[in-house]
Amino acid sequence: MTIKKGAPRWAFRIEIDPAGGASPWWVSILAVLLALILSGFLIQLNGTDALRVYAKMFQGAFGSVFGLTETLVKTIPLLLCGLGVAIAYRISVWNIGAEGQFIAGAVGATGVMIYFPQLGPWESLPLMLLAGILSGGLWGLLTALPKVWFGVNELITSLMLNYIAFLGLQFLVFGPWRDPKGFNFPGTPVFPAAETIPTLGGTRLHWGFFVALAVVFLYAVLVKSTRWGYELRLIGANPKAARSAGIQIRGHVILVMFLSGALAGLAGMMEVSGVTHRLNESVSPGYGYTAIIVAWIAKLNPWGLVVSAFFLAGLIEGGFNVQTLGLPPSISSMIQGAVLFFLIAGDLVGRLRLRRKNTQEQGA
Amino acid sequence: MNLVSQLLNAAISAGTPLLFATLGGILIEKSGVIQLGAEGLMLMGAVTAALTYLAVPDLLLTLAAVFFVGALLGLLHALLTVTLRSNQVVSGLALTLFGTGLSAFLGKSIAGVPLPQAVPNVTLNFLSGVPLLGAVLGKLDLLTWISWFLVVFFQVVYTRTRWGLHLKAVGDNPATADVMGIRVQVYRYLCVAMGSSLIALGGADLLLVYSPNWIEGMTSGRGWIAVALIIFSQWNPVKALIGTYLFGALDTLGFRLQLAGSLVPPYFLKMIPYVITILVLIFVGWRSRNKASSAPQALGVPYIREQRQ
């Protein structure tokens, strides 16, 4: 970059600092707004009134007590899966397999219901919790171990495992776990009352909401004030320095992928036990994929996750609501992709530096 | 003999979409940019092909539209990764999510509408007397022949031309390439745009030849399998040809076993390509454990002229 000699002394220029820097929080909000505008433009091009679509989405997601509780119900899995992938992204492990880990957790928890039908609530719920967490975690290890041992790209493995988990789920609910009294409807029998998470009042919102918030709080504390959290932050900031400091990156990758999967598994367990009360093939409307956006909007910040999970839950709930206008619910995934585009473009904002032009400078 | 030629034909028709996508991915990655948006690009290619061909049944126009859409999305990826130096992994993920959603949205009105045969077959009458060859090569569709031409074309370009050598420099060591006077950013923009078009063409081939009606999410992970095939093929077009047909064969194997009344539940047969993908990557990783990777050395690293790498 050559600077013309004799540039005025008051001249400033905008530079991109390659060392980077965190972009401010309002970039996320700006990205969401721009994505809504872009998607609105596409909806308009398709011949539908975009403002009406958005009004309908907003009304559906936040406009009534029913809509709001449904949005909160969807916040739970998004928050847990989003936290799971955020932990992995912190050390640059690209887990996009939360969907499969979620399914694994739901299947593990349902297994308890199927194979131990005689337990009371005090045995069965903890056992289901454990089963969900372990199944999700082990599904996560299927991604971590090939990565650590053979250098296999975790993006591909975790995504392939999503398809495998979904086909396994289909096998179970169409085959051995199918409800014999279900009129050929593919799904397990309904969970007995002892194996469902109690709900709040007359709504569908269950106690898992507070479990999810507690988990986020626990993570925020652990990352901020433990040695483990410090090491994670160090690996995330500079893996080479971390390795030189004697940190075992492999061990961290394995543990983090287990945790990441376990959180998604916990979400899966709570979804079958708290919301659907039976396992069927549509247990997840893509929570695991939306979790990626949740984590990214929040910039991996634990409390930001709560806000972004709530927002995206509203987007999904609102997306279901526009089906009456003849639009596919997939518009919400279109908006999600657009949000991600604007977010990463917005990362640039954090790297912009205003520099005064130096008249003596000949070139760099 | 009949069975062998049937299996080969099935492998070719299932493998060709993957071959286009893998060749496109190799082109992009050779320039040093990671492209994980293949799934979204293939879906956008497929839906563009369906919409265009149903509106104006003209193959050339359809392919041009697919190329245009692919290049446009590719330019978006290039803008983000090359110019704005955003995270290449996340940009690719965004492209996949956006493409999946947008294609479902655009294709809503034509979901399930069957398309007439759009791609003509190339009939080679002089082969009809030759046993196996006649049955396999005698009646292939035009796009398959184009994909083979592209394999040869890219192999020659990468290994025998000045342009290929420059591309290697851009992908391995952009700073040196820059000093040599090669315009790194231009190469990267061109490769990402052209490669993305080829990936979209893979989606169009899936729709026009392999299963001619649009279904939401119809690629079912093929974009990601193509990403795995890039690694499997070690960024080599000829190996990509072998790899994609191997996968095509496996893909159809499950289907054939199902038709033949296999006792294994169909869900497990459908898992085969995904399981194989993981196993293949493990094998590739294990085999090359002590070797230097043949990936472009600057893959995923944005080039900034003012900064030392």
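A salt bridge is a side-chain nitrogen of Lys or Arg within 4 Å of a carboxyl oxygen of Asp or Glu. The model is predicted: local features need pLDDT of at least 70 and side-chain atom pairs count only at pLDDT 80 or more, while totals for chains, interfaces and linings use all residues. Residues are numbered from 1 along each chain as its sequence is written, chains are lettered from A in the order in which they are written, and side-chain values use heavy atoms, with hydrogens and water left out.

**View 1. Salt bridge between Arg227(A) and Glu231(A) in helix H8 of chain A.** The N to O distance between the two side chains is 3.1 Å. Both residues belong to helix H8 (residues 227-237), four residues apart, about one turn of the helix; helices (H or I, at least four residues) are DSSP runs, numbered from the N terminus. Arg227(A) is exposed, at 65% relative accessible area, whereas Glu231(A) is buried, at 13%. Buried means under 20% relative accessible area, exposed over 50% and partly exposed in between (1.4 Å probe, protein chains only).

**View 2. Salt bridge between Asp172(B) and Lys168(B) in helix H7 of chain B.** Here the N to O distance is 2.9 Å. The two residues lie four residues apart, about one turn of the helix, in H7 (residues 162-172). Asp172(B) is buried, with a relative accessible area of 18%.

**View 3. Further salt bridges of chain A.** Glu154(A) pairs with Lys147(A), their closest N and O atoms lying 3.1 Å apart. Glu154(A) is buried, at 5% relative accessibility, and Lys147(A) is partly exposed, at 24%. A network of salt bridges links Glu70(A), Lys74(A), Arg204(A) and Glu317(A). Over all chains, the count is eight salt bridges.

**View 4. The contact between chain A and chain B.** Chain A contributes 45 residues and chain B 46 residues to the contact, defined by heavy atoms within 4.5 Å. About 4,100 Å² is buried between the chains, and carbon and sulfur atoms give 84% of this area. Buried area is the accessible area (1.4 Å probe) that two parts lose on being put together, summed over both. In chain A, Ile156(A), Met160(A) and Phe341(A) lose the most area to chain B, together 16% of what that side buries. Between the two chains there are zero salt bridges.
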